[in-house]
Amino acid sequence: MRTTVRTTVVVVTWRGRAHLESCLDAVAKQERPHRILVVDNASDDGSGELARSHHSTPEVLRLPVNTGYAGGIQAALDVCETPYMAWLNDDAMPKPGWLGALEDALEDPRVGAASAKLLTGKGETQSIGVGLTRDGHGIDVTEGPIFGFCGGAALTRVEALGQVGGVPSEFFCYYEDTDTSWRLRRHGWKIVAVPEAEVVHLHGATAKPGSADFHRWNERNRLLTLLRNAPLWIAARELARFAVITALIPVKRDVPEAANFQVGLRLRVLGEVMRGLSASLAVRGAGRRSGMWHQRESGGATVG
(Lines give C-alpha, C1' and ligand atoms only; values in the text may rest on other atoms or scores of the structure.)
Protein backbone atom coordinates (compact mmCIF):
# COMPACT_ATOMS: atom_id res chain seq x y z
CA MET A 1 0.00 0.00 0.00
CA ARG A 2 1.27 3.44 -0.96
CA THR A 3 1.76 5.61 2.14
CA THR A 4 4.00 8.39 0.84
CA VAL A 5 2.15 11.68 0.43
CA ARG A 6 3.15 13.06 -2.94
CA THR A 7 0.36 15.56 -3.59
CA THR A 8 -1.00 18.68 -1.96
CA VAL A 9 -4.53 19.27 -3.23
CA VAL A 10 -5.01 23.04 -3.37
CA VAL A 11 -8.56 24.40 -3.26
CA VAL A 12 -8.75 28.15 -3.80
CA THR A 13 -11.96 29.67 -2.50
CA TRP A 14 -13.60 33.07 -2.38
CA ARG A 15 -17.11 33.22 -0.98
CA GLY A 16 -17.43 29.54 -1.85
CA ARG A 17 -19.32 28.34 1.19
CA ALA A 18 -22.25 27.07 -0.89
CA HIS A 19 -20.17 24.41 -2.64
CA LEU A 20 -16.88 24.15 -0.70
CA GLU A 21 -18.09 21.37 1.61
CA SER A 22 -19.05 19.17 -1.35
CA CYS A 23 -15.62 19.77 -2.88
CA LEU A 24 -13.79 18.82 0.32
CA ASP A 25 -16.01 15.77 0.83
CA ALA A 26 -15.03 14.53 -2.64
CA VAL A 27 -11.32 15.18 -2.07
CA ALA A 28 -11.44 13.31 1.24
CA LYS A 29 -12.68 10.19 -0.60
CA GLN A 30 -9.57 9.95 -2.80
CA GLU A 31 -7.70 6.69 -2.22
CA ARG A 32 -4.20 8.09 -2.60
CA PRO A 33 -2.64 9.75 0.46
CA HIS A 34 -2.68 13.52 0.11
CA ARG A 35 -2.66 16.82 1.92
CA ILE A 36 -5.41 19.38 1.48
CA LEU A 37 -4.66 23.09 1.50
CA VAL A 38 -7.56 25.53 1.27
CA VAL A 39 -6.49 29.01 0.21
CA ASP A 40 -9.11 31.42 1.52
CA ASN A 41 -9.05 34.57 -0.59
CA ALA A 42 -10.27 36.86 2.21
CA SER A 43 -13.78 35.41 2.06
CA ASP A 44 -16.44 37.15 4.12
CA ASP A 45 -19.02 34.35 4.04
CA GLY A 46 -17.43 31.92 6.48
CA SER A 47 -15.69 29.77 3.86
CA GLY A 48 -12.49 29.65 5.89
CA GLU A 49 -14.32 28.64 9.05
CA LEU A 50 -16.18 25.91 7.17
CA ALA A 51 -12.89 24.54 5.84
CA ARG A 52 -11.29 24.54 9.31
CA SER A 53 -14.18 22.55 10.75
CA HIS A 54 -14.32 20.00 7.91
CA HIS A 55 -13.70 16.38 8.89
CA SER A 56 -10.78 16.09 6.46
CA THR A 57 -8.87 18.64 8.60
CA PRO A 58 -7.37 20.63 5.73
CA GLU A 59 -4.75 23.27 6.28
CA VAL A 60 -6.19 26.73 5.66
CA LEU A 61 -4.14 29.62 4.34
CA ARG A 62 -6.11 32.85 4.67
CA LEU A 63 -4.90 35.68 2.49
CA PRO A 64 -5.42 39.29 3.62
CA VAL A 65 -6.94 40.32 0.27
CA ASN A 66 -8.59 38.54 -2.63
CA THR A 67 -5.77 37.66 -5.03
CA GLY A 68 -7.94 35.71 -7.47
CA TYR A 69 -7.44 32.12 -8.54
CA ALA A 70 -4.00 32.78 -9.96
CA GLY A 71 -2.80 34.55 -6.82
CA GLY A 72 -4.22 31.80 -4.62
CA ILE A 73 -2.45 29.06 -6.56
CA GLN A 74 0.85 30.95 -6.41
CA ALA A 75 0.43 31.47 -2.65
CA ALA A 76 -0.05 27.71 -2.29
CA LEU A 77 2.98 27.00 -4.47
CA ASP A 78 5.10 29.19 -2.20
CA VAL A 79 4.39 26.90 0.77
CA CYS A 80 3.95 23.54 -0.98
CA GLU A 81 6.21 20.81 0.43
CA THR A 82 5.12 17.86 -1.73
CA PRO A 83 6.51 17.03 -5.20
CA TYR A 84 3.07 17.38 -6.83
CA MET A 85 0.42 20.07 -6.43
CA ALA A 86 -3.16 19.67 -7.60
CA TRP A 87 -5.18 22.69 -8.74
CA LEU A 88 -8.88 22.35 -7.89
CA ASN A 89 -11.73 24.83 -8.16
CA ASP A 90 -13.93 25.05 -5.07
CA ASP A 91 -16.95 24.22 -7.24
CA ALA A 92 -15.38 20.99 -8.52
CA MET A 93 -16.06 17.53 -7.06
CA PRO A 94 -13.54 14.88 -8.10
CA LYS A 95 -14.78 11.34 -8.50
CA PRO A 96 -13.03 8.45 -6.73
CA GLY A 97 -9.76 7.59 -8.47
CA TRP A 98 -9.20 11.14 -9.74
CA LEU A 99 -5.97 11.73 -7.84
CA GLY A 100 -4.59 8.25 -8.48
CA ALA A 101 -5.05 8.57 -12.24
CA LEU A 102 -3.33 11.96 -12.28
CA GLU A 103 -0.41 10.78 -10.12
CA ASP A 104 0.09 7.78 -12.40
CA ALA A 105 0.41 10.14 -15.37
CA LEU A 106 3.23 12.01 -13.62
CA GLU A 107 5.20 8.77 -13.19
CA ASP A 108 6.66 9.75 -16.56
CA PRO A 109 9.44 12.18 -15.54
CA ARG A 110 8.93 14.19 -18.74
CA VAL A 111 5.35 15.14 -17.77
CA GLY A 112 5.04 18.49 -16.03
CA ALA A 113 1.25 18.60 -15.79
CA ALA A 114 -1.75 16.31 -16.20
CA SER A 115 -5.25 17.60 -16.97
CA ALA A 116 -8.41 15.91 -15.68
CA LYS A 117 -11.74 15.49 -17.44
CA LEU A 118 -14.28 18.08 -16.29
CA LEU A 119 -17.92 17.06 -16.51
CA THR A 120 -21.11 19.06 -16.22
CA GLY A 121 -23.72 18.11 -13.65
CA LYS A 122 -25.47 16.20 -16.45
CA GLY A 123 -22.35 14.15 -17.18
CA GLU A 124 -21.41 15.93 -20.40
CA THR A 125 -17.71 16.51 -21.07
CA GLN A 126 -16.79 20.13 -20.41
CA SER A 127 -13.02 19.92 -20.88
CA ILE A 128 -10.08 17.53 -20.97
CA GLY A 129 -7.61 20.38 -21.32
CA VAL A 130 -6.88 23.62 -23.13
CA GLY A 131 -6.33 24.27 -26.83
CA LEU A 132 -5.34 27.39 -28.76
CA THR A 133 -7.12 29.03 -31.68
CA ARG A 134 -5.19 30.73 -34.46
CA ASP A 135 -5.80 34.13 -32.88
CA GLY A 136 -4.48 32.96 -29.52
CA HIS A 137 -7.70 32.31 -27.62
CA GLY A 138 -7.53 29.55 -25.06
CA ILE A 139 -10.44 27.13 -25.53
CA ASP A 140 -11.70 24.06 -23.73
CA VAL A 141 -10.88 20.86 -25.63
CA THR A 142 -13.23 17.90 -25.24
CA GLU A 143 -11.36 15.33 -27.35
CA GLY A 144 -8.07 14.75 -29.10
CA PRO A 145 -4.69 16.26 -28.19
CA ILE A 146 -4.42 19.18 -25.79
CA PHE A 147 -2.05 22.11 -25.64
CA GLY A 148 -2.34 22.82 -21.92
CA PHE A 149 -3.99 21.71 -18.72
CA CYS A 150 -7.28 23.11 -17.46
CA GLY A 151 -6.64 24.78 -14.11
CA GLY A 152 -10.04 23.76 -12.77
CA ALA A 153 -8.72 20.28 -11.93
CA ALA A 154 -5.15 19.33 -12.76
CA LEU A 155 -1.97 17.95 -11.24
CA THR A 156 1.33 19.79 -11.68
CA ARG A 157 4.92 18.94 -10.85
CA VAL A 158 6.21 21.47 -8.32
CA GLU A 159 9.76 21.25 -9.69
CA ALA A 160 8.49 22.14 -13.16
CA LEU A 161 6.47 25.11 -11.91
CA GLY A 162 9.52 26.44 -10.10
CA GLN A 163 11.65 26.05 -13.20
CA VAL A 164 9.32 28.19 -15.33
CA GLY A 165 8.81 30.94 -12.75
CA GLY A 166 5.60 29.83 -11.06
CA VAL A 167 2.08 31.03 -11.77
CA PRO A 168 1.26 34.51 -13.16
CA SER A 169 -0.42 35.81 -10.01
CA GLU A 170 -0.91 39.22 -11.64
CA PHE A 171 -3.51 37.62 -13.97
CA PHE A 172 -5.91 37.34 -11.00
CA CYS A 173 -8.25 35.02 -12.88
CA TYR A 174 -8.34 33.24 -16.28
CA TYR A 175 -5.54 32.22 -18.66
CA GLU A 176 -3.19 31.42 -15.76
CA ASP A 177 -3.39 27.76 -16.82
CA THR A 178 -2.81 28.51 -20.52
CA ASP A 179 0.15 30.76 -19.77
CA THR A 180 1.68 28.27 -17.33
CA SER A 181 1.17 25.43 -19.81
CA TRP A 182 2.86 27.43 -22.56
CA ARG A 183 5.90 28.15 -20.39
CA LEU A 184 6.11 24.50 -19.37
CA ARG A 185 6.17 23.48 -23.02
CA ARG A 186 8.77 26.11 -23.83
CA HIS A 187 11.01 24.51 -21.21
CA GLY A 188 10.54 21.02 -22.63
CA TRP A 189 7.86 19.61 -20.30
CA LYS A 190 5.02 17.44 -21.60
CA ILE A 191 1.36 18.07 -20.72
CA VAL A 192 -1.10 15.20 -20.96
CA ALA A 193 -4.83 14.68 -20.73
CA VAL A 194 -6.07 12.02 -18.29
CA PRO A 195 -9.72 11.31 -19.18
CA GLU A 196 -9.92 8.66 -16.45
CA ALA A 197 -9.55 11.41 -13.83
CA GLU A 198 -13.12 12.71 -13.75
CA VAL A 199 -14.42 15.79 -11.94
CA VAL A 200 -17.94 17.22 -11.80
CA HIS A 201 -17.61 20.98 -12.23
CA LEU A 202 -20.24 23.61 -11.49
CA HIS A 203 -18.78 26.01 -14.05
CA GLY A 204 -19.08 29.67 -13.14
CA ALA A 205 -20.44 29.14 -9.64
CA THR A 206 -18.00 31.73 -8.27
CA ALA A 207 -16.89 33.91 -11.19
CA LYS A 208 -19.78 34.91 -13.41
CA PRO A 209 -19.21 34.38 -17.16
CA GLY A 210 -20.43 37.37 -19.12
CA SER A 211 -19.76 39.92 -16.39
CA ALA A 212 -17.58 42.97 -17.02
CA ASP A 213 -14.81 41.56 -14.83
CA PHE A 214 -14.96 38.23 -16.68
CA HIS A 215 -14.44 39.95 -20.04
CA ARG A 216 -11.77 42.29 -18.72
CA TRP A 217 -9.70 39.45 -17.26
CA ASN A 218 -10.15 37.29 -20.36
CA GLU A 219 -9.23 39.97 -22.87
CA ARG A 220 -6.30 41.33 -20.85
CA ASN A 221 -4.83 37.96 -19.93
CA ARG A 222 -5.12 36.59 -23.46
CA LEU A 223 -3.04 39.48 -24.77
CA LEU A 224 -0.54 39.21 -21.92
CA THR A 225 -0.21 35.46 -22.51
CA LEU A 226 0.60 36.10 -26.17
CA LEU A 227 3.12 38.80 -25.31
CA ARG A 228 4.79 36.45 -22.83
CA ASN A 229 4.87 33.35 -25.02
CA ALA A 230 3.77 33.57 -28.65
CA PRO A 231 5.92 34.40 -31.68
CA LEU A 232 6.21 38.18 -31.57
CA TRP A 233 4.40 38.73 -34.85
CA ILE A 234 1.31 36.93 -33.50
CA ALA A 235 1.36 38.91 -30.26
CA ALA A 236 1.79 42.21 -32.14
CA ARG A 237 -0.95 41.33 -34.62
CA GLU A 238 -3.49 40.49 -31.93
CA LEU A 239 -2.67 43.57 -29.86
CA ALA A 240 -3.06 45.76 -32.96
CA ARG A 241 -6.32 44.03 -33.89
CA PHE A 242 -7.73 44.62 -30.41
CA ALA A 243 -6.77 48.33 -30.59
CA VAL A 244 -8.27 48.81 -34.07
CA ILE A 245 -11.56 47.15 -33.11
CA THR A 246 -11.72 49.37 -30.04
CA ALA A 247 -11.20 52.49 -32.15
CA LEU A 248 -13.91 51.47 -34.65
CA ILE A 249 -16.65 50.61 -32.15
CA PRO A 250 -17.97 54.21 -31.81
CA VAL A 251 -18.56 54.47 -35.57
CA LYS A 252 -19.88 50.97 -36.26
CA ARG A 253 -23.49 49.87 -36.37
CA ASP A 254 -24.92 46.76 -34.73
CA VAL A 255 -22.19 46.51 -32.11
CA PRO A 256 -22.82 43.52 -29.81
CA GLU A 257 -24.05 44.43 -26.34
CA ALA A 258 -21.53 42.15 -24.62
CA ALA A 259 -19.26 43.83 -22.08
CA ASN A 260 -16.13 43.10 -24.13
CA PHE A 261 -17.42 45.53 -26.79
CA GLN A 262 -17.67 48.42 -24.33
CA VAL A 263 -15.07 51.02 -25.24
CA GLY A 264 -14.32 51.89 -21.63
CA LEU A 265 -13.59 48.29 -20.70
CA ARG A 266 -11.40 47.78 -23.77
CA LEU A 267 -9.43 50.95 -23.08
CA ARG A 268 -8.84 49.73 -19.55
CA VAL A 269 -7.58 46.42 -20.94
CA LEU A 270 -5.20 48.21 -23.30
CA GLY A 271 -3.88 50.34 -20.46
CA GLU A 272 -3.26 47.31 -18.26
CA VAL A 273 -1.56 45.43 -21.08
CA MET A 274 0.75 48.35 -21.82
CA ARG A 275 1.65 48.63 -18.13
CA GLY A 276 2.52 44.94 -18.16
CA LEU A 277 4.47 45.09 -21.42
CA SER A 278 7.95 45.30 -19.93
CA ALA A 279 7.35 42.40 -17.54
CA SER A 280 5.83 40.33 -20.34
CA LEU A 281 8.82 40.84 -22.60
CA ALA A 282 11.09 39.82 -19.72
CA VAL A 283 9.22 36.49 -19.52
CA ARG A 284 9.71 36.05 -23.28
CA GLY A 285 13.41 36.70 -22.87
CA ALA A 286 13.69 34.09 -20.12
CA GLY A 287 12.13 31.51 -22.44
CA ARG A 288 14.48 32.38 -25.28
CA ARG A 289 17.56 32.26 -23.04
CA SER A 290 16.52 28.82 -21.82
CA GLY A 291 17.11 27.47 -25.32
CA MET A 292 13.60 26.02 -25.37
CA TRP A 293 11.84 28.29 -27.88
CA HIS A 294 9.99 25.57 -29.79
CA GLN A 295 7.46 25.76 -32.59
CA ARG A 296 4.44 23.57 -31.89
CA GLU A 297 1.00 23.04 -33.33
CA SER A 298 -2.16 23.03 -31.22
CA GLY A 299 -5.74 23.58 -32.29
CA GLY A 300 -4.57 25.01 -35.61
CA ALA A 301 -2.33 27.66 -34.06
CA THR A 302 1.42 27.87 -34.49
CA VAL A 303 2.85 28.63 -31.09
CA GLY A 304 6.28 29.19 -29.66
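**View 1. Helices α6 and α7 lie roughly parallel to each other, because angles under 35 degrees are counted as such.** In this predicted model, local features need pLDDT of at least 70 and side-chain atom pairs count only at pLDDT 80 or more, whereas totals for chains, interfaces and linings use all residues. Residues are numbered from 1 along each chain as its sequence is written, and side-chain values use heavy atoms, with hydrogens and water left out. The axes (lines fitted to C-alpha atoms over the stretch in contact) of α6 (residues 176–186) and α7 (residues 212–229) come within 10 Å and cross at roughly 10°. Helices are DSSP runs of H or I with at least four residues, and strands are E runs of at least two. Contact (heavy atoms within 4.5 Å) involves T178, D179, W182, R183 and R186 of α6 and T225, L226, R228 and N229 of α7.

**View 2. Helix α4 (residues 98–105) is mostly covered.** Seven of its eight residues are buried, that is, under 20% relative accessible area with a 1.4 Å probe and protein chains only; among them are W98, L99 and E103. The buried residues pack against strands including β1 (7–13), β6 (111–119) and β11 (190–201).

**View 3. Strands β8 (residues 129–132) and β9 (residues 138–141) run antiparallel and are joined by four bridges.** Pairing requires at least two DSSP bridges. V130 has D140 of β9 as its bridge partner. Five residues separate the strands of this hairpin, and G136 in the turn has a positive phi of about 85°.

Key:
Axes fitted to C-alpha atoms, helices over the stretch in contact; angles between N-to-C directions. Parallel < 35°, antiparallel > 145°, perpendicular 65-115°, else oblique. Buried < 20%, exposed > 50% of the residue type's maximum accessible area, 1.4 Å probe, protein only.
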